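Subject: Structure handover

Hello,

Here is the structure I promised to pass on. My notes on it follow below.

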Amino acid sequence: QVQLVESGGGLVQAGDSLRLSCAASGRTFSSYGMAWFRQAPGKEREFVGGIRVSATSTAYADSVKGRFTISRDNAKNTVYLQMNSLKPDDTGVYYCAAARYNWYHPDYWGQGTQVTVSS
């Protein structure tokens, strides 16, 4: 069992930066690939990016590539999402997820943190 708690969301202006954190419980954090998803009002949840267990490989949605960076600290059981050059379209609830085998089908989800980008 892995429990995930996101933090760092808030209200920012377009062009600003924000860093989200996701703290995981359990001693098996380093066994899971980690991913971030987001859900805008009235839209389906979408994949933002993922990072493998060893942190040697990451992947991003085209909409955030070059602006967002995922990193992880296995010693702290924490994964981060650094978001730069934020746009109003980045507004939504951001979810952290833990995936044993496939980022797109996570095994565990956090409760989400709200990010609002004003124009």
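Strand E11 (residues 113–118) runs antiparallel to E9, and 3 bridges join the two. Strands pair here if DSSP finds at least two bridges between them. Val93 stands opposite Gln114 in E11.

Two points on the basis of all this. This is a predicted model, in which local features need pLDDT of at least 70 and side-chain atom pairs count only at pLDDT 80 or more, while totals for chains, interfaces and linings use all residues. Residues are numbered from 1 along each chain as its sequence is written, and side-chain values use heavy atoms, with hydrogens and water left out.

More on E9

E9 covers residues 92–99. It also pairs with strand E10 (residues 108–109), in the antiparallel sense, over 2 bridges. There, Ala97 has Trp109 as its bridge partner. E4 pairs with E9 too, antiparallel, over 7 bridges.

How many of the residues of E9 are buried? The count is 7 of 8, so E9 is largely enclosed by the rest of the structure. Buried means under 20% relative accessible area, exposed over 50%, and partly exposed in between (1.4 Å probe, protein chains only).

Whole chain

The chain has 0 helices and 11 strands. Read from the N terminus, the order is β-β-β-β-β-β-β-β-β-β-β. The radius of gyration is 13 Å, close to the 14 Å that the globule rule gives for 119 residues, so the chain is as compact as a globular protein of that length. That radius is taken over C-alpha atoms, and the rule is 2.2 Å times the number of residues to the power 0.38. Helices (H or I, at least four residues) and strands (E, at least two) are DSSP runs, numbered from the N terminus.

The C-alpha trace spans about 40 × 25 × 25 Å along its principal axes. Buried residues make up 45% of the 119. Of the contacts with a separation of 6 or more, 55% come from residues 24 or more positions apart. Contact means heavy atoms within 4.5 Å.

The chain exposes about 6200 Å², and carbon and sulfur atoms supply 45% of that. Areas come from the Shrake-Rupley method with a 1.4 Å probe; for residues, only the protein chains shown count as cover.

On charge, there are 12 positive and 9 negative side chains. The centres of the two sets lie 7 Å apart. Lys and Arg count as positive, Asp and Glu as negative; His and the chain ends are not counted. Each charge is placed at NZ of Lys, CZ of Arg, CG of Asp or CD of Glu.

The N-terminal end

E1 pairs with strand E3 (residues 18–24) in the antiparallel sense, over 4 bridges. Val5 stands opposite Ala23 in E3.

Loop residues

Ala40 sits in the loop between strand E4 (33–39) and strand E5 (46–51). Is Ala40 buried or exposed? At 18% relative accessibility, it counts as buried. Ala40 touches Thr91 and Gly92, not counting residues up to four places away in sequence. Ala40 and Gln114 are 74 residues apart in sequence, yet their C-alpha atoms are 9.7 Å apart in space.

Pro88 lies in the loop between strand E8 (78–83) and E9. It is partly exposed, at 37% relative accessibility. Setting aside neighbours within four places in sequence, Pro88 is in contact with Ala14, Val117, Ser118 and Ser119. Pro88 and Tyr108 are 20 residues apart along the chain, and 28 Å separates their C-alpha atoms.

Backbone angles to check

Which residues other than glycine have a positive phi? Asn77 is one of them, with phi near 55 degrees. Asn77 is found in the loop between strand E7 (68–73) and E8. Its relative accessible area is 19%, and Asn77 is buried.

Ser85 is another, with a positive phi of about 50 degrees. Ser85 lies in the loop between E8 and E9. At 41% relative accessibility, Ser85 counts as partly exposed.

Best wishes
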